[in-house]
Amino acid sequence: MDAKARRGLNELTVTEIVAKIAAGEMTCEAVTRDCIERNIAREPVVKAWVKFNPELALAQAHALDREPRRGALHGVPIGIKDVIDTFDMPTEMGSPIYRGYRPTADAACVALLRRAGAVILGKTATCELAGMAPAATTNPHDPAHTPGGSSSGSAAAVADVMVPAALGTQTGGSVLRPSSFCGVFGYKPTYNTFNKAGLKPAAESIDTIGWIARSIEDIALLTAVLGMDEPQPLRSISAAPRIGLCRTELWDAAQPETKSAVENAAAALSKAGAVVRDVDLPGEFTGLPALARGTINHFERAACMAFEWDNHRGALSPQMRRYIENGLKTSRVDYVAAWRRVEQCRTLLLKVFDGIDVLLTPCVPGEAPKGLASTGDPSMQAMWTALHTPTMTLPTHRGPNNLPVGIQLVAQRYGDDRLFACARWIWDRIGAPDMIGVSRV
């Protein structure tokens, strides 16, 4: 049987599922069954899920088929990163400390998804407590390579067409990095766009709930639902975007495939009519990635993990213990100084974006590293996370091992709609649609 004959409803995007169910061309149960079948076939290799209950998912879908359209996501299967509470499934957070933990309520974001008619397909694997100790998940493009983290299972499940979209969280680079490594769209909104009630915190001042999906239109629709907004068609831009090519201080650490992806994208977009110019960040930005990943993250994580450190220290991974130890060694004075620098740089961003719609910048050092002992380096996303800017990765390129390498787009705070519109324009001109969804195994 050829690949085309094997295609199933699980390969549809969120917006396609919504349209087909609304038109009566398929049922909620049918699309859920195809997602379940894909999971059963591929989960032994990909290991994207930590809680996957076909009976529970089918019961949700069957109930939706018997009632009027509930909302904008009626019948759409969604994966939930396992640091986000669900009342009907355990939330174990990749940690033995929380094995079997059953919240009594959904997180706000999950409750809003159910209200909109989504089918909660299951809980996706996460690095321990959204940190750096890897889950068992593999990269769907090559199981010998990491899928990234900490939203490992969410990115892998979407890339492997197990589910059309999944929630992730980002404190450093935990949405965009796995999205880039797995070849799908990752979106981290402006900080606090989505309510975080019911999310296990890591570093509360930068923790951000985000989306992993297979189209920009899907991300816009899903964002409207969690923003309690009325979904609208993706806005188009009346003129070619003004793009700032921003290599950042981490450029020299980028591997050839990342440098090539960013520079080739800039050249192609310029040829397509975009106004592209080099943008150098002011000197005050120097060292900001390290402050975000280190001082701020470690200090806040040590506070968030006080109970686990005092009562279950032996159950924490070496990676998490190092996080907390570094945080406990960080002074309050240094923490406040780091935030003052971040606030200064946020103010300076107004000038950086003068005459610029979006920045084009490296997303990851290169393609997904080989091996599962590490989830890769989050430095190239961490600065933008601390700055609270909306960011998106587009799966535009491949590296020397034919693995995905994404580019990163950054917009000014609260410029999420502009980011979507520019991303759509850019994707239309340099997108690599064959990247979305891996080979049908």
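Predicted model: local features only at pLDDT ≥ 70, side-chain atom pairs only at ≥ 80, totals over all residues.
Let's look at the cysteines. Take Cys182. Its sulfur has Cys127 as the closest cysteine partner, but the gap is 12 Å. A disulfide needs the two sulfur atoms within 2.5 Å, so Cys182 is too far away for a bond. Cys182 is also buried, at 0% relative accessible area. Now Cys246. It is in no disulfide either, and the nearest cysteine sulfur, in Cys345, lies 12 Å away. Cys246 is buried too, at 1%.

On to charged pairs. The count here is 17 salt bridges. I'll show you some.

Start with Glu67 and Arg70. Their closest N and O atoms are 2.9 Å apart. Glu67 is partly exposed at 30%, and Arg70 is partly exposed at 38%.

Next, Asp357 and Arg242. Here the closest N and O atoms are 3.0 Å apart. This pair links distant parts of the chain, 115 residues apart. Asp357 sits in the loop between helix H12 and strand E9, while Arg242 is in strand E7. Buried or exposed, what is Asp357? Buried, with 7% relative accessible area. Arg242 is partly exposed, at 35%.

Now stay with helix H12. Glu343 and Arg346 form a salt bridge, 2.9 Å from N to O. Why are they about one helical turn apart? Because they are three residues apart in that helix. Glu343 is partly exposed at 41%, whereas Arg346 is buried at 8%.

Last one. Arg38, Arg42 and Asp160 belong to one network, joined by salt bridges that share partners. Find those three in the structure above.

Definitions and conventions. Residues numbered from 1 in each chain as written. Heavy atoms only, no water. Buried < 20%, exposed > 50% of the residue type's maximum accessible area, 1.4 Å probe, protein only. Salt bridge = Lys/Arg side-chain N within 4 Å of Asp/Glu carboxyl O. Helix = DSSP H or I, 4+ residues; strand = E, 2+ residues; numbered from the N terminus.
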